[in-house]
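Please look through the sequence and the structure shown here before reading on. The briefing that follows is grouped by topic and is meant for a reader new to this structure.

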Amino acid sequence: MVHEHAPRGAQGTAGEVVVRVSGVGKDFVLRHTRSLKEALVWLVRGRKGDLANHFHALDDVTFDIHHGETVALMGLNGSGKSTTLKLISGVMRPDRGSVGVRGRIAGLIEVGAGFHPDLPGRDNVYLNGAILGMTHEEIDARFDDILAFSEIGEFIDTEVKFYSSGMYLRLAFAVAVHTDPDVFLVDEILAVGDEPFQRKCIGRIKELVARGKTLVVVSHDLDLVQQICERGIVMESGRVVFDGPCREAVTFLRERNR
Amino acid sequence: MAATELTAPGQGRGLLDVLANRYLLRLIVRKEVQVRYRGSVLGILWSYIKPAVQFGVFYVAMGVFLGLNKGMENYAVYLFSGIIAMNFFNEAFGNAARSIVGNGNLIKKIYLPRELFPASSLWVAFIHFVPQVIVLLVACVFTGWVPNLWELGAVLAGFLIIGIFALGLGVVFATANVFFRDAENIVDLLVMVATWASPVLYVWTMVREAAPWLVNLYFLNPLTVAVELFHYGFWHPTVTSGGTWEIPPHLFSVWTPAALVISVAFLVLGDVVFRRFEGNFAQEL
């Protein structure tokens with residue numbers, strides 16, 4: 001492994017690798033059938049033909065992310081950005097190659113995924129916090145901050161199904177940014193809420209970066225990404241086609257898809 | 001940051017993860033219980049009403065119409081102790097088998113130990129089992145139930161057998177269900193068959209009379225053993241004579257240990273199968 005990317009974050013400690021993706025390939029199966037009958041027929045006929053179509057979502061993807069780095073994964077839809085993020089978070093496993101991580105990884109992969117509409121805001125904060133890997137004590141300690149950040153106020157004891165979509169996202173985002181992982185994975189969630197809240201979210205993320213958190217962002221908002229990230233990885237059809245400073249990556253991507 | 005090794009993310013340790021995440025398990029269980037009777041006026045009372053009605057129907061149909069009531073003292077207690085055993089199994093098994101697909105949205109997006117979901121189903125089933133036991137105990141006490149330690153031990157053993165067996169089988173079918181939704185229908189079938197494949201509504205000696213060759217196979221079913229342990233613990237102490245019922249030969253020396261071994265084997269099998277395939281859950285759901 002060549003360590004091409006020394007950490008540029010001011011707080012990065014000694015350039016320790018926190019995420020290592022090496023030679024990773026991932027195939028998706030476009031299954032023709034989901035029924036047992038057809039699978040049995042296929043087995044009985046001596047496994048002739050392919051039960052399913054495969055396609056390469058990722059092919060030989062390799063990069064290291066060091067402690068304190070802020071990395072943007074860029075590319076068009078379907079280029080494999082989100083799949084890469086899912087492999088790093090552990091939701092999926094690679095078919096080829098390996099993914100290694102150090103420390104606690106938390107994904108803001110879809111805020112509010114663990115929310116239950118019939119539970120009040122308060123219960124959802126605890127449930128979602130625990131799903132994101134926080135302990136009971138940690139959630140207790142940060143509850144007031146989460147509540148203040150979300151601006152939910154007195155509605156915290158109302159079931160979230162009665163929330164407006166903005167309130168829902170604010171609360172979910174507040175929980176997510178108050179987890180304290182070593183590596184933050186962020187998938188296209190910066191477009192939450194109204195503009196003041198969005199500014200607040202970006203401010204919070206910058207604050208985390210300033211504290212030396214490692215950040216991996218997937219976003220189509222190239223201007224925003226340039227504000228937050230220092231390094232850009234451009235993906236295309238499941239391969240890494242550019243890896244370098246974020247500004248150059250954005251230029252590369254824009255040139256390429258002109 | 002500690003200079004630890006790079007580790008592969010998302011490598012579950014199976015059921016050990018459940019023990020390590022007891023707080024999250026508790027929250028998931030609480031959510032399930034809260035959500036179950038949401039917006040209903042009677043709430044948790046339904047946990048009493050449903051088994052009560054079920055009991056009433058079976059009692060009238062089997063006890064009165066088919067006359068099982070006559071050959072047996074306290075047939076109601078006999079019937080109900082079997083019914084709650086099957087209810088516990090059906091709920092734990094059925095919900096565990098559906099738990100992975102049911103929580104697919106979460107599993108697709110965030111990594112968390114996924115065996116928490118079947119485990120929470122077992123826990124929730126237990127929470128609904130308790131009120132039924134209380135109802136049964138009231139009936140037992142009224143019919144003069146004074147159990148000894150051995151009989152209480154039998155109840156505990158039966159309870160453990162059902163819990164372990166339901167979780168093991170549930171995890172196997174939860175895994176299968178991700179890949180083939182047919183599994184859900186098989187689960188429904190098994191649940192339907194289970195009640196009749198064990199001596200819940202009838203007496204096990206009827207099986208011996210009708211098909212003596214079947215008896216050994218019949219008692220290899222852990223649920224049959226668990227139901228008989230419940231009968232022995234709850235019902236047997238309340239009667240002066242068992243009527244057509246008798247303690248199944250070798251119940252304690254052979255069948256109970258065998259049922260425990262089979263149940264644990266299913267749990268190990270479930271854990272192995274689950275861990276083997278859980279890496280593909282996110283893309284299949």
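Among contacts in chain B between residues at least 6 apart in sequence, 86% join residues at least 24 apart, where two residues are in contact if their C-beta atoms, placed from the backbone, lie within 7 Å. This is a predicted model, in which local features need pLDDT of at least 70 and side-chain atom pairs count only at pLDDT 80 or more, whereas totals for chains, interfaces and linings use all residues. Residues are numbered from 1 along each chain as its sequence is written, and chains are lettered from A and ligands numbered from 1 in the order in which they are written.

**Chain B**

- The secondary structure of chain B consists of 13 helices and 0 strands, with helices (H or I, at least four residues) and strands (E, at least two) taken as DSSP runs numbered from the N terminus.
- The radius of gyration of chain B, taken over C-alpha atoms, is 20 Å, close to the 19 Å that the globule rule (2.2 Å times the number of residues to the power 0.38) gives for 285 residues, so chain B is as compact as a globular protein of that length.
- Along the principal axes, the C-alpha atoms of chain B fill a box of roughly 70 × 45 × 35 Å.
- Of the 285 residues of chain B, 45% count as buried, a residue being buried if 20 or more other C-beta atoms, placed from the backbone, lie within 10 Å of its own.

**The sheet of chain A**

- In chain A, 6 strands form an open sheet of mixed pairing in the order β5-β6-β7-β3-β8-β9, where two strands pair if DSSP finds at least two bridges between them.
- The edge strands are β5 and β9 (239-245) of chain A, each of which pairs on one side only.
- Strand β3 (residues 70-74) and strand β8 (residues 231-236) of chain A pair in the parallel sense over 4 bridges, and L73(A) stands opposite I233(A) in β8(A).

- Leaving aside its neighbours within four places in sequence, A166(B) is in contact with F89(B), A92(B), F93(B), A96(B) and L122(B).

**Where the chains meet**

- Between the chains, 39 residues of chain A are in contact with 27 residues of chain B.
- On the side of chain A that touches chain B, β1 (17-31), α1 (36-44) and β5 (105-108) are among the elements that each supply at least two residues.

Definitions and conventions:
A residue is buried if 20 or more other C-beta atoms lie within 10 Å of its own, exposed if 12 or fewer, and partly exposed in between; C-beta atoms are placed from the backbone.
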